[in-house]
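Let's take a friendly tour of a protein fold. Have a look at the picture below, then read on.

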Amino acid sequence: MKSLKELVRPNIWKLAPYSSARNEYSGKEAHVFLDANENPYNKPLNRYPDPLQQVLKQKISSVKGVPAEQIFLGNGSDEPIDLAYRCFCRPGRDNVVAIEPTYGMYKVCADINDTEYRPVLLDDNYQMSADKLLNACDNNTKLVWICSPNNPTGNSLDHGEIIKVLTCFEGIVIIDEAYSDFSSQKPLREELQKYPNMIVLNTMSKAWGCAAIRLGMAFARKEIIDIFNKVKYPYNINYLTQQKAIEALDDPYAVEKWVSLLLLERSRLINAFKVLPICEKVYPTDANFFLAKMTNAKVIYDYLVERGIIVRNRTLVSLCQNCLRVTIGTKGENNELLAALRQYQ
């Protein structure tokens with residue numbers, strides 16, 4: 001890969017980060033805090049949170065098997081997605097390459113950051129070609145986006161093709177593993193040391209059932225994490241989010257139970273969809289959702305909305321014509337969906 005200095009925007013490389021009150025005495029014991037213009041009353045909410053979330057990162061490190069200094073925490077995964085553009089892509093000059101279809105925020109953040117976005121279509125089985133992705137790159141390509149298991153298709157992408165991109169591309173490759181807890185494939189975060197140009201995204205929103213607290217993770221070599229920490233807002237993860245995340249991480253067995261239940265329901269729901277007259281195909285999935293090709297996705301979507309059941313209409317997304325994306329719910333929620341579809345005429 002190119003050196004990190006070559007990849008990072010020159011102004012970001014030279015940036016002197018804001019030094020928060022909590023950064024300046026880091027590593028020392030203190031009990032009187034008269035430095036940050038806080039109110040001394042209403043503890044513990046009166047104090048600014050740890051800007052680097054050290055306790056929380058140690059918890060995540062023990063669960064995910066990644067050293068704490070190689071973890072960045074963001075306000076959802078969308079924060080590290082946006083930071084990747086802000087750190088590496090010069091507005092109006094650089095570009096990124098991504099599989100298509102995939103998670104829509106990669107393109108939204110590209111547009112916000114005035115960065116050319118180059119989508120590369122998956123094949124009919126929703127698999128990627130490393131050669132096609134690499135051929136779309138040029139000297140100004142800074143990032144390649146790969147989501148696996150992919151959203152909205154649900155399938156895991158070929159491991160060998162991903163590795164080919166990682167080894168052949170000279171820039172940063174970002175692997176979004178938001179749904180990896182539902183897949184039997186080995187997560188790429190476990191191979192972090194092999195690929196210095198890799199950033200792996202993960203989240204508390206899916207398997208961990210904590211979408212409301214908005215906590216995303218990025219795993220990468222320490223030098224990349226240091227750049228993210230230099231650019232992020234000083235107190236980007238609030239105290240309440242940090243505390244709720246620590247509580248959740250204290251009970252990983254609950255997550256294992258939820259995942260097992262969801263996988264059972266996924267199989268049941270997919271089998272039920274396959275025999276519906278209005279369903280033409282259900283695509284393979286390694287996520288907590290599946291993509292189903294329907295006879296008329298828009299009409300069926302509107303029909304479900306009228307009955308208070310919300311799925312995702314993906315018919316306008318590339319390669320997803322007449323497709324609905326269905327998240328796996330509780331057994332009761334899934335039964336209500338099936339009952340409504342069986343009554344559809």
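## Starting inside the sheet

In which sense do strand E2 and E4 pair, and over how many bridges? E2, residues 95–100, pairs with E4 in the parallel sense over four bridges. Strands (E, at least two residues) and helices (H or I, at least four residues) are DSSP runs, numbered from the N terminus, and two strands pair if DSSP finds at least two bridges between them. Within this pair, alanine 98 stands opposite tryptophan 145 in E4.

Before we go further, keep in mind that this is a predicted model: local features need pLDDT of at least 70, side-chain atom pairs count only at pLDDT 80 or more, and totals for chains, interfaces and linings use all residues. Residues are numbered from 1 along each chain as its sequence is written, and side-chain values use heavy atoms, with hydrogens and water left out.

## The whole sheet

Zoom out and you'll find an open sheet of seven strands, in the order E1-E7-E6-E5-E4-E2-E3, with mixed pairing. E1 and E3 stand at the edges with a single partner strand each, so one side of each has no neighbour in the sheet. On average, neighbouring strands here are turned by 25° against each other, direction ignored. (Axes are lines fitted to C-alpha atoms, for helices over the stretch in contact, and angles run from 0 to 180 degrees between N-to-C directions.)

E1 covers residues 71–75, and four of its five residues are buried. Buried means under 20% relative accessible area, exposed means over 50%, and partly exposed is in between (1.4 Å probe, protein chains only). E1 pairs with E7 in the antiparallel sense over five bridges, and isoleucine 71 stands opposite phenylalanine 219 in E7.

Helix H4 lies across E1, E6 and E7, and runs at about 115° to E1. Contact here means heavy atoms within 4.5 Å.

A cis peptide bond, with omega about 0°, joins lysine 43 and proline 44; proline 44 sits in the loop between helix H3 (21–24) and helix H4 (54–64). Another cis bond runs from serine 148 to proline 149, with omega near -5°, and proline 149 is in the loop between strand E4 (141–147) and helix H8 (159–168).

Tyrosine 126 isn't glycine, yet its phi is positive, near 60°. This tyrosine 126 is buried at 3% relative accessibility. Arginine 214 also has a positive phi, near 55°, but arginine 214 is partly exposed, at 32%.
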